[in-house]
Amino acid sequence: MENRFDPGRLVRKGLQELVPYQEITYPGVIKLNANENPYDFPEEIRLAINEMLGPQSFTRYPDAMAQQLVQELAHCHGVSAEQIMVGNGSDELILDLMLTFGAGNRVVIAVPTFSMYGIHARVAGAEIVEIPRQFDFELDVPEIVRASGDAALVVLCSPNNPSGNSATVEQVQSILDNCPCPVVVDQAYVEFGGPDFLPLLDRYPNLVILRTFSKAYGLAGLRVGYLFAQSQVLQYLFKVKQPFNLNTFSQVAALTVLRHRDVFAPQVAEITRQRDILYNTMQQMPGFDVLPSDANYLMFKTGYSAADVFDGLLSRGVLVRNFGDPLLSQYLRVSVGQTEENVIFLRSLQQVIAMLGEKD
Ligand SMILES: *Cc1c(COP(=O)(O)O)cnc(C)c1O
């Protein structure tokens, strides 16, 4: 008998069109594509993590509530432990939000923005309503409010990835005041600039804030994110949360980083300083436009296709972020690296622009 097995026929509606997020790795390049902390992980914190790991039992499941981490996060942010949930990276928390509120409902996303909102919305079976940002990537507040009327979730990012600009307190308050659903503000880059919306948490039961250890705090490889919300919202997210989502190793590392967070302050200050130097230099150079940024990356526009500029930089050993997004067909994003890396990036970019100019 002919085998008629065809899983594609059985796959849930909407999943067939989804392209898997599979990042290609390029060994040996200058890696300026993922907004990680470019500096070496502080040795004293590495030693402290090793010491803390000693007495841990790897034969037992991790603390499902990550109680110590949650308590110390609460203490250092001045909120109550009941207003926090931790995740295997904020990526997991985005999926939890989509599974809790998005599935079968509408989700409003202010685009262009971080691609995981759309991916997880599709995975959860949500209907996506994209509200384009304005020409300068400012939020279109009235359109977001209008669309939220029959939506179950609104997702904002501030500072926005990839454009680098922040929302204002007035904009976020106006959205919170007028949207009858949870409003997520992803603040993955707030350590580098822009307003911190946490002080609004007690006043707005619909506010959800995402934070991460992946960017300023150098733990991208260990996957630790966290979320602030009032218990009215959190009680539903806990129904969806994987019980043992944050492994013992990552809980220990995040707790140690939190206790030593002052060690990262000079790194963050240096990254923001380098960002401003890179921005000022790029602004004075011909051939492209660079956008001001509150984060640890800069988005820039050339007169050429993003793919051609990306390839030219890669052939010179510099990896930046190309989006494959029609809204951003001439834009690329570069993470702020170490000083020498930024210099090589700038020199390579000038060469690539000159080369593409000669071809015209
Ligand atoms: C990098 C990034 C994240 C991912 O954070 P993880 O905690 O590493 O999952 C979340 N949101 C935005 C906007 C990001 O750029």
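Predicted model: local features only at pLDDT ≥ 70, side-chain atom pairs only at ≥ 80, totals over all residues.
1. Domain layout. The protein chain falls into two parts: domain 1, made of 7–40 + 264–356, and domain 2, made of 51–261. Taken over C-alpha atoms, the centres of domain 1 and domain 2 lie 23 Å apart. Their contact involves 29 residues from domain 1 and 32 residues from domain 2.

2. Area between the domains. About 2200 Å² is buried between domain 1 and domain 2, and 64% of that area is on carbon and sulfur atoms. On the domain 1 side, Phe 264, Asp 294 and Tyr 297 account for 28% of the area buried against domain 2, more than any other three residues.

3. Polar links between the domains. How many salt bridges run between domain 1 and domain 2? The count is 0. Polar contacts are another matter: 11 residue pairs, both at pLDDT 80 or more, are in polar contact between domain 1 and domain 2.

4. Elements on the domain 1 side. At least two residues of the side that touches domain 2 come from each of α10 (265–284), β10 (297–302) and β13 (331–335). The largest share of that side belongs to α10, with 5 residues.

5. The largest nonpolar core. This core has 60 residues, and those with the most contacts inside it are Leu 69, Val 86, Ile 144, Leu 156 and Phe 213. Helix α9 (residues 248–259) gives the most to the core, namely 6 residues. Both domain 1 and domain 2 take part, each with at least three residues in the core.

6. Leu 156. What does Leu 156 contact once its neighbours within four places in sequence are left aside? The contacts are Ala 110, Tyr 117, Leu 139, Ile 144, Ile 175, Val 183, Val 184, Val 185 and Asp 186. Of these partners, Ile 144 is also listed among the core residues with the most contacts, as is Leu 156 itself.

7. Gln 187. This residue sits in the loop between β6 (183–186) and β7 (207–212). Is Gln 187 buried or exposed? Gln 187 is buried, because its relative accessible area is 0% and the cut-off for buried is under 20%. Apart from neighbours within four places in sequence, Gln 187 contacts Ser 158, Pro 195, Asp 196, Phe 197, Leu 198, Ile 209, Leu 210 and Arg 211.

8. Leu 95. Helix α4 (residues 89–102) contains Leu 95. With a relative accessible area of 22%, Leu 95 is partly exposed, because that class lies between the under 20% of buried and the over 50% of exposed. Not counting residues up to four places away in sequence, Leu 95 touches His 120 and Val 123.

9. Arg 259 and Glu 72. The structure holds 9 salt bridges. One of them joins Arg 259 and Glu 72, with 2.6 Å between the closest N and O atoms. This pair links distant parts of the chain, as Arg 259 is in helix α9 and Glu 72 is in helix α3 (residues 67–77), 187 residues apart. Both ends are partly exposed: Arg 259 at 38% relative accessibility and Glu 72 with a relative accessible area of 24%.

10. Asp 91 and Arg 223. A salt bridge also joins Asp 91 and Arg 223, the closest N and O atoms being 3.5 Å apart. Here too the partners come from distant parts of the chain, 132 residues apart: Asp 91 from helix α4, and Arg 223 from the loop between β7 and β8 (225–229). Asp 91 is partly exposed at 23% relative accessibility, and Arg 223 is partly exposed at 27%.

11. Glu 270 and Arg 273. In this salt bridge the closest N and O atoms are 3.1 Å apart. Glu 270 and Arg 273 both belong to helix α10 and are 3 residues apart, about one turn of the helix. Glu 270 is partly exposed, with a relative accessible area of 23%; Arg 273 is also partly exposed, at 46%.

12. A salt-bridge network. Which residues are linked in a network of salt bridges? Arg 106, Glu 127 and Asp 150 are linked in this way.

Note on methods. Residues numbered from 1 in each chain as written. Heavy atoms only, no water. Core = buried A, V, L, I, M, F, W, Y, C linked by side-chain atoms within 4.5 Å. Buried < 20%, exposed > 50% of the residue type's maximum accessible area, 1.4 Å probe, protein only. Helix = DSSP H or I, 4+ residues; strand = E, 2+ residues; numbered from the N terminus. Domains from an automatic or database assignment. Contact = heavy atoms within 4.5 Å. Buried area = accessible area lost by both parts, 1.4 Å probe. Salt bridge = Lys/Arg side-chain N within 4 Å of Asp/Glu carboxyl O. Polar contact = N/O pair within 3.5 Å; in protein donor to acceptor, adjacent residues only side chain to side chain.
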